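Please walk through the model below, starting at the ligand and moving on to the backbone and the helix packing.

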Amino acid sequence: MSTDSPKTYSIKNYGCQMNVYDGERMAEMFESQGMSAADDKANADLVVLNTCHIREKAAEKVYSEIGRLRRKDGTSPVIAVAGCVAQAEGGEISRRAPEVDIVVGPQAYHNLPDMVAAVGRGERVVDLDLPGLDKFGKLPARRKQPPSAFLTVQEGCDKFCTYCVVPYTRGAEISRGWAELIDEAKAIVNAGAREITLLGQNVNAWDGEDDKGKLQGLDGLIRALDKIPDLRRIRYMTSHPNDMTEGLIAAHGDVEKLMPFLHLPVQSGSDRILKAMNRSHSRDSYMRILDRVRAVRPDIAFSGDFIVGFPGESDADFEDTLSLVREVGHAQAYSFKYSPRPGTPAADMSDQIPMEVMDERLQRLQAQIVADQTAFNNRTVGRTTDVLLERPGKFAGQLIGKSPWLQSVHVLAPDLSIGDIVTVQITDSGPLSLKGEPTMRAAA
Ligand code: 5AD
Ligand code: SF4
């Protein structure tokens with residue numbers, strides 16, 4: 001590391017949207033300290049690796065990235081390892097990689113400026129406290145925001161699925177307070193956002209007292225955000241089936257700004273495996289939740305997460321997963337090979353599944369998901385829908401945005417701008433995106 005105080009920073013995010021949100025907040029903090037973003041991490045004075053520990057050799061990837069940060073002249077930037085690998089590996093990181101100056105867990109990154117100053121004094125710093133949600137109150141105000149922004153409302157998890165490290169790295173479920181969230185949402189909208197995705201490891205477990213002291217669930221928070229005039233769209237992720245309350249399901253039916261899209265992981269279609277995973281819901285109870293959401297919002301699109309090759313998963317169990325996937329017909333879904341996480345109960349279970357079997361199952365599952373996603377996209381052709389324009393496309397005058405169902409839509413619209421909501425007719429579709437032609441501009 002260099003001893004001058006850093007002037008430029010670079011943040012590399014791995015993993016989930018919560019890390020993207022944390023990375024944005026770190027950037028705002030560094031900017032408020034007078035630093036600026038480096039054009040390339042190769043010449044940044046400070047590099048933050050904001051890591052993820054959820055699957056596969058995450059720690060190994062981080063160590064090789066650290067190695068690559070060493071410069072030709074033998075020096076390296078100030079290096080901070082943040083996020084869930086930091087929380088899980090702790091001081092071990094700086095023992096294995098002496099060039100790491102700072103190890104900071106996901107609940108302590110508001111201390112980064114002090115830690116960087118300590119590094120300037122020749123110290124090495126490890127801060128892995130899980131002190132609740134202190135950090136949010138200590139971060140600078142929100143500034144420029146993209147049309148679609150994230151807002152972390154809840155962190156941590158008490159569910160202890162037997163394969164998952166989250167309850168250990170992010171700690172217990174904890175909700176941010178009502179007033180602070182409403183204020184941050186308003187600030188995000190004032191800074192340019194038109195859509196907010198509420199984030200949490202178990203976002204639908206959010207609860208808190210409103211300004212009148214009444215206990216509210218996530219649906220109450222969504223209804224309050226619905227009243228922010230310039231906020232046009234609301235989404236939330238990731239949810240647990242057991243926290244899909246009556247009120248939240250009802251909100252899907254009557255809050256127009258709540259987009260018709262629900263990411264609700266089920267992980268497996270086999271009751272035997274769901275039990276071994278400690279999911280505390282069955283295939284049938286999961287399917288009944290989807291039915292109830294469909295009943296109030298017939299055009300709802302579903303997304304999910306799946307794990308193949310959980311210890312003991314038989315061919316028949318896997319077939320149950322495939323049949324669930326066919327039955328749901330997802331608009332999109334994520335699927336992963338089971339990866340034993342040190343310290344989790346499943347890592348010690350007998351009957352771990354060989355890699356070749358997992359590979360083959362994953363391929364079959366993904367083929368089904370792609371087929372369903374393509375079919376879903378094809379069904380939107382000819383429909384007229386609103387698109388929130390989020391970024392420029394490859395061609396002159398082309399903008400790319402999102403449909404209400406989270407599909408990417410390419411629109412040729414030289415007279416429109418990022419942040420506009422445009423009504424388009426969908427003219428073409430593929431597995432990953434759609435094309436749309438503007439019919440009229442929706443009221444801003
Ligand atoms: N192995 C594979 N996938 C996992 N996930 C969580 N832990 C593991 C693991 N040990 C997946 C789950 C979860 C998503 C975020 O990552 O599907 O919903
Ligand atoms: Fe992990 Fe299960 Fe909690 Fe999701 S619900 S974060 S998979 S323990």
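A polar contact is a pair of N or O atoms within 3.5 Å. The model shown here is predicted, and the ligand site is where that cut-off is needed.

A backbone N or O atom of Tyr163 lies 2.9 Å from a nitrogen atom of ligand 1. In Arg55, a side-chain N or O atom is 2.6 Å from an oxygen atom of ligand 1, and a polar side-chain atom of Gln267 is 2.6 Å from an oxygen atom of ligand 1. On its own, ligand 1 has 400 Å² of accessible area, of which the protein covers 88%. The residues that surround ligand 1 include Ile54, Arg55, Tyr163, Gln267, Asp305 and Ile307. Among them are also Phe336, Lys337, Tyr338, Ser339 and Arg341.

Two places in the backbone deserve a look. Phe160 has a positive phi of about 50 degrees, although Phe160 is not a glycine. This residue sits in the loop that runs between strand 8 (154–155) and helix 7 (166–169). The other place is the peptide bond between Met237 and Thr238, which is cis, with omega about 0 degrees. Thr238 belongs to the loop between strand 13 (233–237) and helix 10 (246–254).

Helix 10 leads on to the helix packing. Two packed helices are described by the angle between their axes and the distance between the axes. For helix 9 (residues 218–225) and helix 10, the axes come within 8 Å and cross at roughly 30 degrees. Angles under 35 degrees count as roughly parallel, and helix 9 and helix 10 are therefore roughly parallel to each other. From helix 9, Leu218, Asp219, Ile222 and Arg223 meet Gly247, Leu248, Ala250, Ala251 and Asp254 of helix 10. By class, the residues of this contact between helix 9 and helix 10 are five nonpolar, one polar and three charged.

A second pair is formed by helix 12 (residues 283–296) and helix 13 (residues 315–328), whose axes are 12 Å apart at an angle of about 10 degrees. Helix 12 and helix 13 are therefore roughly parallel to each other as well. Helix 12 contributes Arg283, Tyr286, Met287, Leu290 and Arg294 to the contact, while helix 13 contributes Asp320, Ser323, Leu324, Glu327 and Val328. The contact of helix 12 with helix 13 has five nonpolar, one polar and four charged residues.

Notes. Residues are numbered from 1 along each chain as its sequence is written. Chains are lettered from A and ligands numbered from 1 in the order in which they are written. This is a predicted model: local features need pLDDT of at least 70, side-chain atom pairs count only at pLDDT 80 or more; totals for chains, interfaces and linings use all residues. Side-chain values use heavy atoms; hydrogens and water are left out. Axes are lines fitted to C-alpha atoms, for helices over the stretch in contact, and angles run from 0 to 180 degrees between N-to-C directions. Helices (H or I, at least four residues) and strands (E, at least two) are DSSP runs, numbered from the N terminus. Angles under 35 degrees count as roughly parallel, over 145 as roughly antiparallel, 65 to 115 as roughly perpendicular and the rest as oblique. Contact means heavy atoms within 4.5 Å. Ala, Val, Leu, Ile, Met, Phe, Trp, Tyr, Cys and Pro count as nonpolar, Asp, Glu, Lys and Arg as charged, and the others, Gly among them, as polar. A residue is near a molecule or strand if one of its heavy atoms lies within 4 Å of it. A polar contact is a pair of N or O atoms within 3.5 Å; within protein, one must be able to donate a hydrogen and the other to accept it, and residues adjacent in sequence count only if both atoms are side-chain atoms. Accessible areas come from the Shrake-Rupley method with a 1.4 Å probe; for residues, only the protein chains shown count as cover.
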